[in-house]
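Thanks, everyone. I have one structure to go through today, and I will keep it brief. Please look at the model on the screen first.

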Amino acid sequence: MTALANETHSFEPSLLGGLLSDDTFWPAQPQNFGETGLSESFIETLVLKTVLIIGTISGRTVSEKTGLPFRVIEPLLDILRTRKLLSHVRPAAFNDYYYSLTEAGQQRAQTHMRQCSYVGPAPVPLSDYVLSVEAQAAGLDPIDREQLRHALSSISYQDDLLDQIGPAVNSNTGLFLFGPPGNGKTTIARCLTQCLGQEIWIPHAILDDGNLIKLQDDAFHRPAPIPEADGNILKAQEWDRRWIRIQRPTVVVGGELVMDNLEVRHDSRSNICEAPLQMKSNCGCLLIDDFGRQRIAPEELLNRWIVPLENKCDYLTLPTGKKVQIPFEQLIIFSTNLDPDELVDEAFLRRVPYKIFVGDPGKEEYRRLMTQVCKSLGFPTTPEAAEHLFKFYEDSGRNLRRCHPRDLVNQVANFCRYRKIPMTLRPEYLDQACRSYFSQL
């Protein structure tokens, strides 16, 4: 794989022609090879592999698949045709042609494929990615109480939690959410991403020192629509197709987390690298759920975050051995059912300055949750159902949890559907749900 060309390329971490008032970054469409930040030989390699995979293909489709403008691709197609690597098959619309590989072109493309099997949107230079993160993270404004209340509007919580979470979010450092299971710690963490703003731009892939790193991940990145520019649809389409606009990401990992997930992972067969989780969550939220239950020691995991948390940057090692610095611009949340003081010592906890306890609901909140769940599942309002369950909690010595109304009423709903009887919360139905849910004899 070829390294980056030493060329000046187009990059605008600010507004493009006044397109958007809310965007702090807009990827400008490259007008020539130099503005892509990639060498001509790299783009040639990507084009040949694209034609190899698809077969007969028009020039504009090559442009679409590689994410590069047709004005950049068209001269290269002519060069490849002159070198007898491509041939015209037939004319296409809009002064275009359909192309296919010659025998020499197939051999060349297969050689490139063995060296690196990546086919897709062309990558962007690492330096462009770094600037994009800094620009989009720098645009984050401090949140206020009303914004936080709106972000948490879909869940139930104790009101004093707002004044604890708000400053932690504004600190843009790290925080612990701890407390008994089933009280919504993970749900709270997911909702907090809404406070960070709406959409951001990320590249599909990044190139540095000949290493291609895939960044876009369907598991974490949800596409967002491209906004129009004052009603001008054509002008709004003037963006670099190597980038994708997404909702601010929330990356959630639990007990399956290992140290390899936090480093650049290289597949020796495809010669493609996978970005680590902290890159995929930049400008968003990284939630480490069930902290303390990973297959690695809590101290080892927290040690990995000391430099990023303090310096807002991380250092990664590429397969070539080169070390690169990337931004660490995200809200990192550790969610655990265990007491943080029992997990790690004071020196580690100092790096995560906010520790927020998410406790059990009170009876009034539990009643409210029961009412909401009953309404959503089609049960008639049954205030006495909560009172019946309170008796069970007292007799069994169990604590109230916010997840219980949803889970218990769902069990009753499933029972009613199975028996083909009206949706009602009879005491005997609730007792059966409790026996099943809590394994109560």
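**A buried arginine and a domain interface**

Arg-245 has a relative accessible area of 6%, so it counts as buried, the cut-off being under 20%. Keep in mind that this is a predicted model.

Where does Arg-245 sit in the chain? Its place is in strand 9, which covers residues 243–247.

Now the domains. The assignment divides the chain into domain 1 (39–121), domain 2 (126–224 + 239–357) and domain 3 (363–438). I will stay with the pair formed by domain 1 and domain 2. Their centres, taken over C-alpha atoms, are 38 Å apart. Domain 1 brings 10 residues to the contact, and domain 2 brings 12 residues.

How much area is buried between domain 1 and domain 2? The figure is about 800 Å², with carbon and sulfur atoms giving 71% of it. On the domain 1 side, Gly-67, Tyr-118 and Pro-121 supply 50% of the area buried against domain 2, more than any other three residues.

Next, the polar side of this interface. The rule finds zero salt bridges across domain 1 and domain 2. For polar contacts, the rule finds two residue pairs across the interface, both at pLDDT 80 or more. By class, the side of domain 1 that touches domain 2 consists of five nonpolar, four polar and one charged residues.

That is what I have on this one.

Notes:
Residues numbered from 1 in each chain as written. Predicted model: local features only at pLDDT ≥ 70, side-chain atom pairs only at ≥ 80, totals over all residues. Heavy atoms only, no water. Helix = DSSP H or I, 4+ residues; strand = E, 2+ residues; numbered from the N terminus. Buried < 20%, exposed > 50% of the residue type's maximum accessible area, 1.4 Å probe, protein only. Domains from an automatic or database assignment. Contact = heavy atoms within 4.5 Å. Buried area = accessible area lost by both parts, 1.4 Å probe. Salt bridge = Lys/Arg side-chain N within 4 Å of Asp/Glu carboxyl O. Polar contact = N/O pair within 3.5 Å; in protein donor to acceptor, adjacent residues only side chain to side chain. Nonpolar A, V, L, I, M, F, W, Y, C, P; charged D, E, K, R; others polar.
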